[in-house]
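Here is a short report on sheets, strand pairing and nonpolar cores. Please view the chain below before reading on.

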Amino acid sequence: MCGIGGILLKRRPSFDHRAMAVPLGASLAHRGRDGTGAFSDDWISLHSARHAVIAVDDARQPLFDGERALVMVGNGEVLNYRELGHRLPADRRRRMPPGDLQVALELCAEHGTAAFEDLRGPFALAVWDSTAHELTLVRDRLGERPLYYYDSPDLFAFASELRCLTACLPGESLRLDPANALAFLGLGRLPGDRTLYRDVRSVPAGGVLRIAPGAAGPRAAAPLTPVSGLRAAPADEDEIGHLIDQAHRRALVADRPVAVGFSGGIDSSAVLKAALEHAEPAAAVTVFSARCPDEDENLRRARALARKFGVDLHEVPFRIPSLDATVDLLNDTLDGPAAEPLVLHNDALHRAAREHSAVLLGGHGADEVFGGYVRYAALRADAVGATTEEWMAVSLWERWNRTAGWHKFVTDFGSDAVAPGTAALGDALDRPFPYSTAEHRDPVLFGQALDLFRLMTYDNFRATDENGIARGVEVRSPFFDIDLVAGVFSLPVERRIRPDAPKHLLRGVFRGTPLAGEFTERKVGFDDHFSYADWMTDNWPDFSSALVDGPLTGLGILRDGALDDLEKFDWRLLWRLFSLSTWLEREGRPPVAAH
């Protein structure tokens, strides 16, 4: 896991790209403390900051293929690299330095961008062809690792974080996009490839972009086959068991010990079980409520199961930080505003895990993949005869509700100048995504896919990546393995989700073990122990002042008077207002692009 960035001249000599790359490289430093690397020629400058996990002492970036025609910088890992390495010609294998991304680069030299199809894992790669003078950017199908780019007539720049681009483009006027800022407030995410800056885009999940000197702009090559296209036939339950085991083995690929975030639920228990079977986990770490530890059901279960697993449990007490400490945490560790305050809890986990390992495994994503949330069973019963918008609009789950209610949010809160521009954002459900065709034939699958491919992408993947790497730990989850997702999602709903046996497919990993009878209690969410609404109330004078007197007022995004009665707002919307205000202050209140 690393930070990467680069500057490509589109016409020469338009800028001193080597000088511009100096602040770019410096801005990446927090993403990798195991070394930095750089490459430059007459057209391009590439930089990387490395958080070493695989081939720790050898796989230093930038990487070069055997003929030194291709140069790569990459963030993330190719977790099936050993299997893929056997596909290389023997002479190329003999000359090849160690490392997972090196295998990806050599495959690219052999087969071009078609080689990216077979890569498994979270990755964002940049490959410069010094012979053809062409840069290729590619991102994994789930978008677990971030990658942004800026394009102008003179230059093309890319980086793992937005603030790296603002650091290296001082002469460029990066302006806030008011419609996108409104989308963050209303949806808790940014649709498509949009960012908060008008002229910066995100490489789409599974996207492949190419750019060359003289080109008018980046051109999209054929994207990676979507997850929904990875299978020709449904899986059976035996195969699902194999895919779960394969996903765990892949997630454990590391040349450093791994730690496990352990909450005591079935998801993290499955991860810990696999780590104990296939590796030697450095630690099992749990975060509990310091305010009411005796009432923390997760802590009670984690302790009981840790004893059964025979592991020591590292317990981390957590309290919601003070208002000032929260602002510092957001500014220090996140690239953009966070749609959910869960990053505060995760920060405590990441800081504790780093004391034991550079890699943290968790069970996040299992509820989306295996249908663990109660809302999926409810959707099975309630969606018959209703359109997607109708059942989402009445959903008790706020994130679905706000997605369906996007147009009403624009009417209620958007300024007259900005509201018309939101039409360019398209459908609030942001179709298409890999399983959008399931909307009518399997609305439960549509809901699962919406969660996984849209709602998690912005806040879970992005914020987890940024906060984890800022704290010096890479966060992985085996349940984001795309072959596992494709296998489970290939099943009809009655085989995928059973209301009387939540996550029955995952429970199969415990069949025939002493833990087979565990995990019968109701899932306890983080919000059950940490009341963010109470935290806002306790800090209300300063909290409300940060909104009313902050940069959102007078920015022209919200309707006049929109913030006059904050007490009526849901705490989740209050958090998004607070997080966006904090980000705007940190970024120096960037100028707003014309509507």
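Six strands form an open sheet in the order E4-E5-E6-E7-E11-E12, with antiparallel pairing. Its edge strands, E4 (63-64) and E12 (219-220), each pair on one side only. Strands, like helices, are DSSP runs numbered from the N terminus (strands: E, at least two residues; helices: H or I, at least four). Two strands count as paired if DSSP finds at least two bridges between them.

This is a predicted model: local features need pLDDT of at least 70, side-chain atom pairs count only at pLDDT 80 or more, and totals for chains, interfaces and linings use all residues. Residues are numbered from 1 along each chain as its sequence is written, and side-chain values use heavy atoms, with hydrogens and water left out.

Phe-64 stands opposite Val-71 in E5. Helix H4 (residues 100-111) packs on the sheet and touches E4, E5 and E6 (123-129). Contact means heavy atoms within 4.5 Å. The direction of H4 makes about 140° with that of E5. Such axes are lines fitted to C-alpha atoms, for helices over the stretch in contact, and angles run from 0 to 180 degrees between N-to-C directions.

Now to strand E9 (residues 155-159). Five of its five residues are buried. Buried means under 20% relative accessible area, with exposed over 50% and partly exposed in between (1.4 Å probe, protein chains only). In a regular strand the side chains alternate between the two faces of the sheet. Both faces of E9 are covered: Leu-155, Ala-157 and Ala-159 lie on one side, Phe-156 and Phe-158 on the other.

| Partner of E9 | Residues | Bridges |
|---|---|---|
| Strand E1 | residues 2-9 | five bridges |
| Strand E8 | residues 148-151 | four bridges |

Ala-157 is the bridge partner of Ile-7. Tyr-150 also stands opposite Ala-157. E8 and E9 form a hairpin, with three residues between them.

A nonpolar core is a set of buried Ala, Val, Leu, Ile, Met, Phe, Trp, Tyr and Cys residues joined through side-chain atoms within 4.5 Å. The largest has 94 residues. Within it, Phe-262, Phe-370, Tyr-435, Leu-452, Phe-453 and Phe-489 touch the most other members. Helix H18 (residues 443-470) gives the most to this core, with 10 residues. Leu-452 has contacts including Leu-142, Phe-461, Phe-480 and Phe-489, not counting residues up to four places away in sequence.
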